[in-house]
Amino acid sequence: MRSFDEQFQPIANAARIGKLIGGFITHTLNDDEQEELDEWLLKDEKNMALFAELTDDAKVAEFINWLQRRDTEAKLQAVKSDPRFQPKWRWMPYAAAASLLIAVSVLAFYFLRNERKTNIAEAPAAKADIAPGQPAAILRMDNGKVITLEGLKDTVVDGVAIAGGVIDYANAEEGASFHEVIIPRKGFYQLLLPDGTKVYLNNASSISYPSAFTGATREVRVTGESYFEVAKDKAKPFIVHTGSSSVTALGTRFAVRNYDNEAAQCVVLTEGSVRVAQGSVVRVLQPLQQATITGAAMQVTALEDVYPATAWKENVFRFSDAPLEEVMNVLERWYDVEIIYKDHPSIHINATISRDVPVSKLIALLEATKEVRLTIHGNQITVQR
Amino acid sequence: MRTTKQSFDIANFDDFKAGKASAFDQLFRAYFAPLTRYAWTILKDEVVAEDVVQDCFLKLWEKRTQLSNIQSLHSYLYRMVHNSSINAISRNKLRVVKHEGEGSEEPVEAAIIESETMREVLQVLDQLPPRMREIMVLHYVEGKDLHEVGEMTGTSYQNARTQRYRAIQIMKHILSASKIIFSFL
């Protein structure tokens with residue numbers, strides 16, 4: 001006869017992991033639980049694979065579907081009408097057995113705790129680390145004034161109110177001047193344009209626009225990575241210029257990406273429709289389509305999911321079959337580091353991870369592929385096979 | 001789907017041992033679907049899986065006074081469902097699709113993890129107000145976009161969007177994640 005522990009402890013452990021993964025999906029984990037889950041994930045690649053499977057969108061949908069198909073109430077009534085379901089008061093003979101079981105469970109709890117402690121002790125000590133980015137933006141006005149927006153006390157500059165770090169054009173004075181909002185590396189920011197259009201800006205990006213859209217069109221210019229939720233105004237098309245191309249919208253949502261050190265510019269449409277123009281090439285995008293502009297050429301492709309192009313605005317890294325170089329480019333901007341390649345491992349990454357973590361967390365996860373080694377020295381990260 | 005909150009705590013456990021039907025109801029509501037999922041991973045037959053789980057609940061009820069604490073109740077249920085499922089394979093002459101742990105005496109770890117993940121989702125889902133749950137289900141399970149959801153539930157698109165947004169706030173996002181999902185190609 002096996003002991004209580006041998007029979008039930010593995011089940012209890014597995015159940016605990018299931019609870020943590022469920023908590024991850026429903027976002028109900030506290031920091032300690034998250035830590036516990038991370039430890040389990042890093043213990044074994046199989047764990048990672050199971051976790052990825054269970055937290056996949058399709059799987060969660062399947063769970064909900066499964067739960068919908070169960071007629072739990074009917075089954076409950078069926079069970080309760082079974083002759084075996086007769087409340088009986090016969091617990092005295094079992095009192096001794098019950099107290100033994102309690103004693104054993106207390107022991108199990110004790111051992112479980114000890115095991116956890118050991119795992120923590122064995123975890124690698126934190127070496128050099130780099131903190132993640134945070135909201136940061138600079139406003140440059142065409143009269144030369146430069147204002148740091150994040151952490152700024154509420155104020156009024158040249159007739160424009162700035163409250164809680166947000167520029168409020170609602171009561172801006174007539175007469176347009178040009179404004180430029182610049183996001184450094186390690187920064188991100190969102191702002192409302194004078195027409196109510198919401199713009200998210202990722203690290204190492206910028207936008208320039210007039211403080212009032214007085215003409216027949218609303219035109220802005222961006223660099224880097226941005227996401228627009230354009231306020232509806234059919235009479236005044238909204239035009240985003242980037243590089244040598246432009247995106248024209250009436251009221252819709254889309255992401256634009258155009259970094260100097262990346263060969264292609266991308267426009268991804270999430271809602272509505274937009275017209276993308278590059279020289280004489282003009283294409284109209286439908287939702288879930290991406291326009292990729294390389295030099296003078298434009299290619300339109302269908303996407304399964306827009307999340308990889310928009311996750312950053314929710315402060316999440318989302319890599320979908322992304323080459324390692326692309327991942328490192330993203331880290332370079334978010335952690336303001338320099339990437340040095342000793343090797344170019346040809347791996348592709350699928351991942352979703354909060355951006356609000358120190359770089360060591362990403363390094364640990366990338367290294368879990370066992371295909372790459374990453375070393376931090378100051379603000380340099382060296383990539384090796 | 002039910003509207004009662006699906007959770008089971010120490011107070012319920014004492015009531016359960018004392019033979020209170022209300023405690024049984026709560027345990028059943030919380031575990032029936034996830035345990036059926038576990039049985040199904042072995043049996044690959046939803047009807048037989050449901051029968052097995054119902055039978056296990058009756059056995060557990062008969063043995064309730066021998067149970068020590070919630071943790072053992074948990075483990076006890078899984079072991080019972082596992083053993084009953086293995087027995088049901090031969091009894092029902094089911095042809096079982098080969099999978100890891102088939103016919104094993106030991107409960108399948110990955111399947112327990114999956115079932116418990118589902119149980120946690122169920123708990124949160126059941127705490128949503130009915131209207132929001134309806135919108136979540138239409139959107140995620142039936143793949144309806146928010147315009148269609150609006151039409152089906154007789155709300156405006158904007159309203160469906162707001163409801164979905166609030167549901168997501170409550171579930172703090174059922175899907176897109178904040179910490180880690182990692183898989184490698």
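**Close-up views of a predicted model**

**View 1. A hairpin in chain A joins strand 8 and strand 9.** Five residues lie between the two strands of this hairpin, and A:G196 takes a positive phi near 95° there. The model shown here is predicted. Strand 8 covers residues 187–192 and strand 9 covers residues 198–201. The two strands pair in the antiparallel sense, over four bridges. Look for A:Y189: its bridge partner in strand 9 is A:L201.

**View 2. Strand 9 of chain A also pairs with strand 11.** Strand 11 spans residues 218–229. Here, too, the strands run antiparallel, and four bridges join them. Find A:K198, then look across to strand 11: A:E229 stands opposite. In a regular strand, side chains alternate between the two faces of the sheet.

**View 3. A:L42 sits in helix 2 of chain A.** This helix runs over residues 31–43. A:L42 has 47% relative accessibility, so this residue counts as partly exposed. Leaving out residues up to four places away in sequence, A:L42 touches A:M48, A:A364 and A:L365. A:L365 is 323 residues away along the chain, yet the C-alpha atoms of A:L42 and A:L365 are separated by 7.6 Å.

**View 4. Chain B has eight helices and one strand.** Follow the sequence and the pattern reads α-α-α-α-α-α-α-α-β. Chain B has 185 residues, and 55% of them are buried. Now take the contacts with a separation of 6 or more: residues 24 or more positions apart account for 67% of them in chain B. The chain exposes about 7,800 Å², and carbon and sulfur atoms supply 49% of that area.

How values were computed: Residues are numbered from 1 along each chain as its sequence is written. Chains are lettered from A and ligands numbered from 1 in the order in which they are written. This is a predicted model: local features need pLDDT of at least 70, side-chain atom pairs count only at pLDDT 80 or more; totals for chains, interfaces and linings use all residues. Side-chain values use heavy atoms; hydrogens and water are left out. Buried means under 20% relative accessible area, exposed over 50%, partly exposed in between (1.4 Å probe, protein chains only). Contact means heavy atoms within 4.5 Å. Accessible areas come from the Shrake-Rupley method with a 1.4 Å probe; for residues, only the protein chains shown count as cover. Two strands pair if DSSP finds at least two bridges between them.
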